Amino acid sequence: MTSYDSKTIIISGATGGIGREVTPKFSEYECNLILLHKNRSTQSQQYINKLSNQKAHINELIIDLTNPDEMNIIENLLQKKHLKVDFIINCVGIFLPSLLSNCDISILDKTLSNNLLAPISLIRTVFPYLALRSTSRIINISSVTAKKANIGQGIYAISKSALNTYTKCLAQELYRYKIPVNSISPGFVKTAMSEKHYTTFKNKVPFKRFASPTEVADLVLFLTSSMADYITGENFIIDGGFSNL
Ligand SMILES: NC(=O)c1ccc[n+]([C@@H]2O[C@H](COP(=O)([O-])OP(=O)(O)OC[C@H]3O[C@@H](n4cnc5c(N)ncnc54)[C@H](OP(=O)(O)O)[C@@H]3O)[C@@H](O)[C@H]2O)c1
C-alpha cells in the first residue's frame, strides 16, 4: 500500500462530482491537500469542513483557473508554506452543449478556457514547485468524448482531445525526471454534470449504468500509487464499454 503521508497534493475542481470522491482518497493521510475550486457555496463549505476533521491539512483556494491574474494565489501559498508538490490532479472542467455547425464562439471560448487552458495554466504555475522525482504524478481528467462524441458534444470533445494531446506531450517532456503524466477519460459518470442525461443514455452503455464518481477516483488512486510507476503518456478510458461499440 502506498502511503500518502507528507505528500502535497493539488486537486483542481475538488468540489465537483468527481473531485469530491478523489479528495477523500487522500484526506485520511497526514498530507497537505490544496483544494481548488471557483465558487464558495454553503454546500462546498460543508464539504470542506467535513474534510477538515480528517488527518490531512486542508488548504482551500477559491480561484478562477481561467484568469491568469489569479494564479499568484497558488504561488503565494506554496511559497509561504515552503511546499514542494507531489501530485497535480486536474478535475476542473465544464460541459456546455453546442452544435459545431453554427457554433457559439463564446461557448467555444469558455469550454477551451476551462477544459484546456485551466489545467495547463495550473500545471505551468505549479511546475517550479513540483518535486522532480519519479514518485510525483500529473493526472488530467479528460473525457471519452475525445474518442466518441454524441451530437452536441463537439466543442467539449475538441477541448478534451486537445487535453489528451497535451498530456502525451507533457509526459514526453517529463521523461527525464521519470514523472508519470496520464489522463483519465470517463464516459458517463453519475454527477450533477450528467444527471439529466441518465435516463436517455443509461441503456446506450453496454454495462447499462453510468460510472460512480468513486470508480473514477479509484483509477486516480491507482495512477498515484507505486503500482503505476511505469505508466506514462497514457489515456485511460473508463466507460463501461460505451466507446468500444
Ligand atoms: N460528470 C461526468 O459525467 C463526466 C464525464 C466525463 C468527464 N468528466 C470530466 O471530469 C471532470 C470533473 O467533472 P465533474 O462532473 O466533477 O464536474 P462538476 O461537478 O461540474 O465540477 C467541476 C469542478 O470544477 C470547478 N471549476 C469549474 N470551472 C473552474 C474554474 N474556471 N476555475 C476553478 N475551478 C473551476 C468547480 O468549482 P465550483 O463548484 O466552485 O464552481 C467544480 O469544483 C471535468 O473535467 C469533466 O469534464 C465528467
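Gly is counted here among the polar residues, whereas Ala, Val, Leu, Ile, Met, Phe, Trp, Tyr, Cys and Pro count as nonpolar, and Asp, Glu, Lys and Arg as charged. On this basis, the shell around the ligand in the predicted model comprises 16 nonpolar, 15 polar and two charged residues. The ligand is surrounded by 33 residues, of which Gly13, Gly16, His37, Gly93 and Ser194 are the closest. Two or more residues of this shell are contributed by each of β2 and α5 (residues 105-126).

Strands of a sheet pair through backbone hydrogen bonds, in either a parallel or an antiparallel sense. In this model an open sheet is formed by seven strands with parallel pairing, in the order β3-β2-β1-β4-β5-β6-β7. From one strand to the next, the twist averages 15 degrees. The parallel pairing of β2 with β3 extends over six bridges; Ile34 has Asn59, in β3, as its bridge partner.

Helix α5 touches β1 (8-12), β4 (87-90) and β5, and its direction makes about 165 degrees with that of β4. Helix α6 touches β5, β6 and β7, with an angle of about 160 degrees between its direction and that of β6.

The length of α6 (residues 154-173) was compared with expectation. Its 20 residues, at 1.5 Å a residue, should span 28 Å, and the C-alpha atoms at its ends are 29 Å apart, so the two values agree. Buried positions in α6 are Ile155, Tyr156, Ala157, Ile158, Ser159, Lys160, Leu163, Thr167 and Leu170. The buried residues of this helix pack against α5 as well as against the strands β5 (137-141), β6 (181-186) and β7 (235-238).

Tyr29 is located in the loop that connects α2 (24-27) to β2 (32-37). Because 18 C-beta neighbours lie inside 10 Å of Tyr29, this residue is classed as partly exposed; burial would require 20 or more. Leaving aside residues up to four places away in sequence, the contacts of Tyr29 are Ser3, Tyr4, Asp5, Lys55 and Ala56. Tyr29 and Ser6 are separated by 23 residues in sequence, while their C-alpha atoms are 7.9 Å apart in space.

Key:
Residues numbered from 1 in each chain as written. Predicted model: local features only at pLDDT ≥ 70, side-chain atom pairs only at ≥ 80, totals over all residues. Helix = DSSP H or I, 4+ residues; strand = E, 2+ residues; numbered from the N terminus. Buried ≥ 20, exposed ≤ 12 C-beta atoms within 10 Å, placed from the backbone. Contact = placed C-beta atoms within 7 Å. Near = placed C-beta within 6 Å. Expected span 1.5 Å × (residues − 1). Pairing = 2+ DSSP bridges. Axes fitted to C-alpha atoms, helices over the stretch in contact; angles between N-to-C directions.
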